[in-house]
Each structure stands twice: as structure tokens, then as C-alpha cells.
Amino acid sequence: MKSSSPDSSEALMTLVSTLAGQTLGQLAARASLSIPARATAAKGWIGQLLEYHLGAEAGSKAIPDFPSLGIELKTIPVNALGNPLETTYVTTVNLDSLPGQTWLTSPVYQKLQQVLWVPIEGDPKIPLAARRIGQAILWTPTSEQARVLQQDWQDLVDLILLGNFETLTSQLGTYLHIRPKAAHGKILQTTEHHAQTLPRGFYLRTALTREILK
DNA sequence: CTATGATCATGA
DNA sequence: TCATGATCATAG
């Protein structure tokens, strides 16, 4: 049975706290889902499993997972120490809507206003079904975190708007950076300056998520 | 195709 | 070892 959507952040936190300590195998069984056999086939599967149990209703729409609460759900793989193993995808770099956009109107800012982080054991040595869910954290950027994020975003967007894709490397950005985001390497999109470039996305570095989780 | 959800796999 | 660049699954 699919959970109904929580009607308050308190209800959501109560609900997610009941999942802490459970394994993905237990959650999958309750959702009548099978465990992906291959690791590559599991990408995104954990996130969707959590969406199901928490009653997220946004589906594949470009809105928060809990629209009425303005809360975005993110699962994050962690090691035995509770530190993140991966960067976190935020949103696509949309070349058409960037011009005229400001930090406050940007999808990055809006998505990161309230994030429910659910840490999950991510050590590849642990079988998928045995991985346990940790204690969730409802996060809003601190003023310092927000300041750095805004600086990163502005720097990156400036490069794009100038058409400097050659210098737009993944090394840029303290907390936020830009990397390819596509089904495969042959997809291209057209820039404002009529050049062809790989679709990219905004990602959060582990430097930030490590701060959030500790 | 684009959006969502992410992690894989390789090279530095 | 770990970050970058590439890729995988699903829904619409």
C-alpha cells in the first residue's frame, strides 16, 4: 500500500523516522518491488523506493517531491562513518531559461531551500537488500552555506552566459559544480551562441553534504 | 526527446 | 583514493 502524502513537515519527519534502521530489502518487500540484480540497474531505485514509502507525489515533474510542503527528498549513500560517498545531483542546467535568471529565482536555490536528506548505507560490499536507512535530516542552508552556494552559482552561470564552455570545468565551485548529465555521451544540445554542447547538471560536492550530515 | 531518480567506472 | 566524466533505469 502506497503511503499517502504527509500534510505537514512534522508528519513527514515522523514518517521518515519510522524507516530509520530498516533495510532496503524490508522496504522493497512492503512495496512489492524486486531488488535490482545488477548495481548499474539500481541507479535511482533507492530514491524511488523512498518516494514510495514517504508518499512523494511529484513524479517526474520539475517540482519539489512534497509540493505543499516545499520539501525536496534526497537519498545519499554514506560509508560506515556516515560520510557521503557521492556528489548529489540538484538539477539540469537549462540553457534556455538561464538568461535573466537570478540566484533567488533559480531552480537551484528553490530546490535547496528545504531538503530532507535520508542517509543510506552505500558501501558496495553491502548487498543492496541489506543496506540500512539512517536518521533523516531536514536541512535549510545556513547563511554561510547559502552565501557560498550563491557565489558558486553566479560564477558558473556567468561563464555559461558568456559562452565560455571551454573553461566551464567540473573543478569550479566550492559546494556547487557542473558536470555532464545525459543518458549517454552522444547527446548534444544547442547553446545560446549556437554551439553544440553536452547537457550538464548542477551537483553538490561532498564537502557540503558532509557538513550537513554531521 | 526531457524530466525525474542517481551511481558507475576510469583516469589522474 | 577519489573526483570527474559517463552512464543506467523509469515515466511521460
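Helices (H or I, at least four residues) and strands (E, at least two) are DSSP runs, numbered from the N terminus. A residue is near a molecule or strand if one of its heavy atoms lies within 4 Å of it. The model is predicted: local features need pLDDT of at least 70 and side-chain atom pairs count only at pLDDT 80 or more, while totals for chains, interfaces and linings use all residues. Residues are numbered from 1 along each chain as its sequence is written, chains are lettered from A and ligands numbered from 1 in the order in which they are written, and side-chain values use heavy atoms, with hydrogens and water left out.

DNA strand B is surrounded by 23 residues, of which Lys43, Glu72, Thr75, Lys181 and Tyr203 are the closest. Of the atoms of DNA strand B that come within 4 Å of the protein, 62% belong to sugar and phosphate. Strand E1 (72–78) contributes at least two residues to this surface, as do helix H3 (45–54) and strand E2 (88–92); E1 gives the most, with four residues.

Sugar and phosphate make up 48% of the atoms of DNA strand C within 4 Å of the protein. Strand E5 (residues 176–180) gives the most to this surface, with three residues. An N or O atom in the side chain of arginine 179 lies 2.7 Å from a base nitrogen of DNA strand C.

Definitions and conventions:
Polar contact = N/O pair within 3.5 Å; in protein donor to acceptor, adjacent residues only side chain to side chain.
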